[in-house]
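Please walk me through this structure, from the overall fold down to a few individual residues. Plain paragraphs will do.

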Amino acid sequence: MSLPSSDFRNIRHWIHNCDRLHTDCPPTPNQHRQPHEIPSWVLDLRNGCIVPGSTASRYVALSYVWSTIESEKLTLELWTGNLRQFQKSGFLDGMKQGFLPEVISDAIDLVKQLGERYLWVDRLCIVQDGRMKRSEIENMDNIYSGAYFTIIAAASPGLYVNLDRRHRSPMGVSLFHRYLYDKLLKSKWATRGWTFQEQVLSRRSIIFVNGDVFWDCRNSLWSYESPGPRKEAGEGYDAYSQKQIDNHEMAVTVPSTAFADFRLYRELVCLYSGRDLTYAQDVLSAFMGIINELSHTFPGGFVGGLPVLFLDAALLWQPFSRGKRRVWTQGRSEDADMPKTNLPSWSWCGWHVVVDPESLHVRSLEWLRPQMRTKPVVTWSVLSEDLRLERKLPEPRILEDYCRRFLDWGDWDTPPGWSRHDIRYPPPRNSTWTYCDTRSPKLDPNLFYTFTHISDPSKLFCHPIPMVNQGRKPTAHPQNWPYLHCEATTGCFKIQSILSRKSSAQVKREESRISLLHVTFTSLDKFHGGPKGEELCRVVSLADADGQPAGLLRIMDDDTEIRPGQEIELMAISLGFMGWDETFSSYEERVDLLKSADYPRMEHSFVRDPPSDDEDGTGSETAPLTFRPRRAAAVETAHSRAASPWGRKGEDYRFYNVLWIERRGGIAYRKAAGRVAREVWERNCGEKLSVILG
């Protein structure tokens, strides 16, 4: 099948206009890049062979899914044994028919028709059994960001599938663009781990999805409904078009920022974490290009996929839906030197699970005074695989020092490059609210100042944060060291009850028009509608030795065996507090209180095992409710008068963030995370002990 002439004309038009109008889209030519930033080999389509990447002025990259069907087991690949043959002129032309997947053949034909000479395809440009394969894989950020453009093959089996649109009903541009991305998200390509960073890191892409082809670059989205740049009055080219896709899941790029943007990190992790990988140990390698990009602005770098500067907040990640531990997959020779402990339980990378975006916040960085704060109670170190080498992680304490100085003490001594502004007056023109929604937050009567940094005066902060360009750049800690170590208090608690979804009770809400609005990624169907009913996480309520309510945990692993009365070990990793409204809206507390998980498009009911007295219909006023905050009149019910560790309406809920740990061979492994009321924890915990998290 060939590409329709109208689509071919559109593609040439898109490339030409992006080159002409978007100065920040075309990549740096190869001759101006460092040797390690250039792929080792590229396909020379003019001579039908592979040539060193350094000889190509520019190249096109292909992002596709490796097929596992029987007919493609004998497809052509680059190995040490045939490396010399691949370099012979005409070799690929003679071998292409019958030995290449259709998607690669189509990509070769397209690149030739567009007048480009060089193409990079992983299986033909990376020596599959070579000792350099691992380093080449970890260089994906440079390969895709350096491509002239990327062909995203989300159609199957080839690029040109059902591209005849003569009988399609027309629709508006914004709705059509949403339709295109929805199709892309439903493709197999969008479920695979490696393809995520290939799209995110590419400066511009030609995307083929069954029945459609469209252009996506850093500045525009063009399709046959909007085949070229338009100019809106007073806004410049493509301002209108960009508004339609801003913050869309697959429109994510890694922008150049001067500060550690935890919100961007959160977005990328939540979109990537649930993707599938043939080899579980690739989970960080397939995300390493993004980590490399972010590391330029994150002091201390990353450990286990978590940013060191925000480690205390990042360790509080929770599952959006049920998941399983990622287990090392045997079968590849290049994994021989890779540590078998590279899937730590304390990081999201150790689990095949979608991360809940609501669980990842650095609330102390929001512009208005935060309703929720996390304060460290332990000092973390990272340990090598053999446990012999240890390195302290000072960055979380440095961040807390900034927060304490400028939020709690009102220190006037701002760090170099930072400025303080009185927010009782209008904010700087064209400023945005960093770490907040796009709407301006309401003024907090207790907060009168905000801060800006010289690198980007339009971004507002509630307090300064450490910047990598202040003095000497902090040392990056080893990304692949698999253990965390700290001195922490631990305690034993009992599972009081288990709340699971009631399979027969769920309410589907009226469909929202949110897809037509300017929304954040958390409002996409993936998050806005909530997980499927059977994928909802269970919640367990905890009790201390005296049977008094203690706290809640969210259970992520469907295989975790839990039963009422079971005794478990917890460790405290940080202190926290949050306001009444935030407490009421949190997943665990809402499930425990109302036996309901409420999403904009779906509401699910839960059942408690064993049921409490009031759930049995006895109406006992003294029956303890694990968590008691309610709205308005419900606050003064018998439940709210019952003895409990939580404060009344208008008071902060103060707690310890805890991990349920299971010890094996001196190493503690995370099974779940949650909260225990501060007074209860301090009444039941023991002395500080050395804990190594694996």
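Predicted model: local features only at pLDDT ≥ 70, side-chain atom pairs only at ≥ 80, totals over all residues.

**A walk through the model**

Pro157 sits in the loop between β5 and α8, where helices (H or I, at least four residues) and strands (E, at least two) are DSSP runs numbered from the N terminus.

Residues are numbered from 1 along each chain as its sequence is written, and side-chain values use heavy atoms, with hydrogens and water left out.

The protein chain contains 19 helices and 30 strands. Of its 694 residues, 57% count as buried, where buried means under 20% relative accessible area, exposed over 50%, and partly exposed in between (1.4 Å probe, protein chains only). Among contacts in the chain with a separation of 6 or more, 77% are between residues 24 or more positions apart; a contact means heavy atoms within 4.5 Å.

An open sheet is formed by 8 strands in the order β2-β1-β4-β3-β5-β6-β7-β8, with mixed pairing. Two strands pair if DSSP finds at least two bridges between them. The edges are taken by β2 (49-52) and β8 (221-222), each of which has a single partner strand, so one side of each is left without a neighbour in the sheet. Helix α8 (residues 173-185) packs on the sheet, touching β6 (204-209), β7 (212-217) and β8, and its direction makes about 100° with that of β7. For that angle, axes are lines fitted to C-alpha atoms, for helices over the stretch in contact, and angles run from 0 to 180 degrees between N-to-C directions. Within the sheet, β3 (residues 60-63) and β5 (residues 150-153) pair in the parallel sense over 3 bridges. Thr150 in β5 is the bridge partner of Ala61.

Leu43 belongs to strand β1 (residues 41-44). How far is Leu43 from Gln87 in sequence and in space? The two are 44 residues apart in sequence and 9.4 Å apart in space, C-alpha to C-alpha. Leu43 is buried, with a relative accessible area of 0%. Leaving aside neighbours within four places in sequence, Leu43 is in contact with Cys49, Ile50, Leu92, Arg117, Tyr118, Leu119, Val121, Leu124 and Cys125. Cys125 is itself buried, at a relative accessible area of 1%, and Cys349 is buried at 0%. The structure holds 0 disulfides, a disulfide being a pair of cysteine sulfur atoms within 2.5 Å.

Helix α4 (residues 102-113) has 12 residues and reaches 17 Å from its first C-alpha to its last, close to the 16 Å expected at 1.5 Å a residue; the expected span is 1.5 Å times one less than the number of residues. The buried residues of α4 are Val103, Ile104, Ser105, Asp106, Ala107, Ile108, Leu110 and Val111. They pack against α1 (5-21), β3, β4 (118-120), α5 (122-125), β5 and β6. After α4 comes Gly115, with a positive phi near 85°.

Leu387, at about 65°, is found in the loop between β16 (381-383) and β17 (390-392) and is partly exposed at 37% relative accessibility. Lys595 has a phi of about 50°, lies in the loop between α17 (587-594) and β26 (596-599), and is partly exposed at 25% relative accessibility.

Not counting residues up to four places away in sequence, Trp348 touches several residues, including Tyr265, Val269, Tyr272, Phe287 and Trp317.
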